[in-house]
Amino acid sequence: EAYVDLCSRIHRVRTQHLHRILKDLDIPCPEPEGAFYVFPCFERWREPLAQRGVRNDVDLAAHLLQRYRIATLPGSAFHSSQDLCLRLSSSFLDAENDKKAEALVDAFREDPDPARFIQGHHPSFQDVRQRLADFVQELGGR
């Protein structure tokens, strides 16, 4: 139970950080309710997305993967009523294999401060932040 609780706390920290990245980039995203998913919506960029051939969430997920190397799932797979919403997971960032995941658990045990944990052990978050910022800028955002 202690290990599951620890892992839940780690996921919460990572998901909250991903949510802050989205909010900082002015990407509408409700406060996450789960441990490792966020649900951003790109509806406000419908016109610039359509100019790029992106007409729905399936197109958007494919565009982000192909052009920005950001893997998402279409919101429609989760019964979203909006066309341009996606589901992003924070679960595999910097934890792509068992060894890396265990290193993150050990690091969090040593220092559970969220800011230091993210800063010191999650280099991929900066990369994802930059790719999302590039995407938003391409659409005419920030």
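**Entry 1: helix against sheet.** I began with helix α3, which lies across β2 and β3 and runs at about 40° to β3. I took contact as heavy atoms within 4.5 Å, and axes as lines fitted to C-alpha atoms, for helices over the stretch in contact, with angles from 0 to 180 degrees between N-to-C directions. Helices (H or I, at least four residues) and strands (E, at least two) are DSSP runs, numbered from the N terminus.

**Entry 2: basis of the model.** I noted that this is a predicted model, in which local features need pLDDT of at least 70 and side-chain atom pairs count only at pLDDT 80 or more, while totals for chains, interfaces and linings use all residues. Residues are numbered from 1 along each chain as its sequence is written, and side-chain values use heavy atoms, with hydrogens and water left out.

**Entry 3: the sheet.** I traced an open sheet of three strands in the order β1-β3-β2, with antiparallel pairing. β1 and β2 stand at the edges with a single partner strand each, so one side of each is left without a neighbour in the sheet. Two strands pair if DSSP finds at least two bridges between them. Strand β1 (residues 37–38) joins strand β3 (residues 86–89) over two bridges, and tyrosine 37 stands opposite serine 89. Strand β2 (residues 73–74) also pairs with β3 over two bridges; here the partner of leucine 73 is arginine 87.

**Entry 4: α3 and α6.** I then examined α3 (residues 57–68) with α6 (residues 123–138), whose axes come within 11 Å and cross at roughly 115°. From α3 the contact takes Leu60, His63, Leu64, Arg67 and Tyr68, and from α6 it takes Arg131, Asp134, Phe135 and Glu138. I sorted these residues into four nonpolar, one polar and four charged. Ala, Val, Leu, Ile, Met, Phe, Trp, Tyr, Cys and Pro count as nonpolar, Asp, Glu, Lys and Arg as charged, and the others, Gly among them, as polar.
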